[in-house]
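The sequence and the model are shown first.

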Amino acid sequence: MSFRPLGDRVLVKRTEEETKTAGGIIIPDTAKEKPQEGEIIAVGSGVRDEDGKFVALEVKVGDKVLFGKWSGTEVKIDGQDLLIMKETDILGILA
């Protein structure tokens with residue numbers, strides 16, 4: 001199945017979190033926090049501003065981004081756990 005977000009929404013795949021600390025301690029699933037960074041999988045077409053001009057999104061497919069802890073809506077597409085969020089929920093692009 002293919003999925004294309006609408007407007008200013010983006011589809012994000014969270015990065016895999018570490019299961020071990022730097023010292024070698026294994027972190028149990030119950031103690032793990034969800035990562036706040038991910039990769040853009042799909043982007044919407046953009047939105048119109050107050051003057052009616054079309055504004056494209058700044059992020060593009062493949063960008064590594066940082067987002068808020070409670071940002072987005074969790075969805076499952078093709079067996080993958082993904083997030084749909086507005087571009088304004090993204091804090092920045094990781095270089």
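The protein chain exposes about 6800 Å², and carbon and sulfur atoms supply 52% of that area. The model is a predicted one. Of the 95 residues in the protein chain, 27% count as buried.

The secondary structure consists of eight strands and zero helices, and along the sequence the pattern reads β-β-β-β-β-β-β-β. Among the contacts in the protein chain with a separation of 6 or more, 60% are accounted for by residues 24 or more positions apart.

The interior may be considered next. In soluble globular proteins, nonpolar side chains tend to be buried together. The largest nonpolar core here has ten residues, namely Val10, Val12, Ile40, Leu57, Val59, Val65, Phe67, Leu83, Met85 and Ile90. Strand 1 (9-14), strand 5 (64-67) and strand 7 (80-86) are the elements that give two or more residues to this core.

When neighbours within four places in sequence are left aside, valine 12 is in contact with Gly38, Glu39, Ile40, Ile41, Val65, Phe67, Leu82, Leu83 and Met85.

Which residues form a nonpolar patch on the surface? The patch is formed by Leu66, Leu91 and Leu94, which together have about 260 Å² of accessible area. Leucine 66 lies in strand 5, and leucine 94 is placed in strand 8 (residues 90-94). Leucine 66 is partly exposed because its relative accessible area is 33%, a value between the limits of 20% and 50%. Leucine 94, with a relative accessible area of 35%, is likewise partly exposed. The C-alpha atoms of leucine 66 and leucine 91 are separated by 5.5 Å, although the two residues are 25 residues apart along the chain. Setting aside neighbours within four places in sequence, leucine 66 is in contact with Gln36, Glu37, Ile90, Leu91 and Gly92.

Is arginine 14 buried or exposed? Arginine 14 counts as buried because its relative accessibility is 17%, and the limit for burial is under 20%. Apart from neighbours within four places in sequence, the contacts of arginine 14 are Lys34, Pro35, Glu37, Gly38, Phe67, Glu74 and Leu83.

Another salt bridge brings together the side chains of glutamate 39 and lysine 64, at 3.2 Å from N to O. This pair, too, links distant parts of the chain, with glutamate 39 in strand 2 (residues 37-43) and lysine 64 in strand 5, 25 residues apart. Glutamate 39 counts as partly exposed at 29% relative accessibility, and lysine 64 counts as partly exposed at 39%.

A salt bridge also joins the side chains of lysine 60 and aspartate 63, at 3.2 Å from N to O. Lysine 60 counts as exposed, its relative accessibility being 53%, whereas aspartate 63 counts as buried at 10%. Aspartate 63 is found in the loop between strand 4 (54-55) and strand 5. A polar atom of the aspartate 63 side chain also lies 3.0 Å from the backbone nitrogen of lysine 60. Not counting residues up to four places away in sequence, aspartate 63 touches Gly38, Glu39, Ile40, Glu58 and Ile93.

Methods. Residues are numbered from 1 along each chain as its sequence is written. This is a predicted model: local features need pLDDT of at least 70, side-chain atom pairs count only at pLDDT 80 or more; totals for chains, interfaces and linings use all residues. Side-chain values use heavy atoms; hydrogens and water are left out. A nonpolar core is a set of buried Ala, Val, Leu, Ile, Met, Phe, Trp, Tyr and Cys residues joined through side-chain atoms within 4.5 Å. Buried means under 20% relative accessible area, exposed over 50%, partly exposed in between (1.4 Å probe, protein chains only). Helices (H or I, at least four residues) and strands (E, at least two) are DSSP runs, numbered from the N terminus. Contact means heavy atoms within 4.5 Å. Accessible areas come from the Shrake-Rupley method with a 1.4 Å probe; for residues, only the protein chains shown count as cover. Patches are made of residues with over 30% relative accessible area and no salt bridge: like charges are joined within 9 Å, nonpolar side chains (Val, Leu, Ile, Met, Phe, Trp, Tyr) within 5 Å. A salt bridge is a side-chain nitrogen of Lys or Arg within 4 Å of a carboxyl oxygen of Asp or Glu. A polar contact is a pair of N or O atoms within 3.5 Å; within protein, one must be able to donate a hydrogen and the other to accept it, and residues adjacent in sequence count only if both atoms are side-chain atoms.
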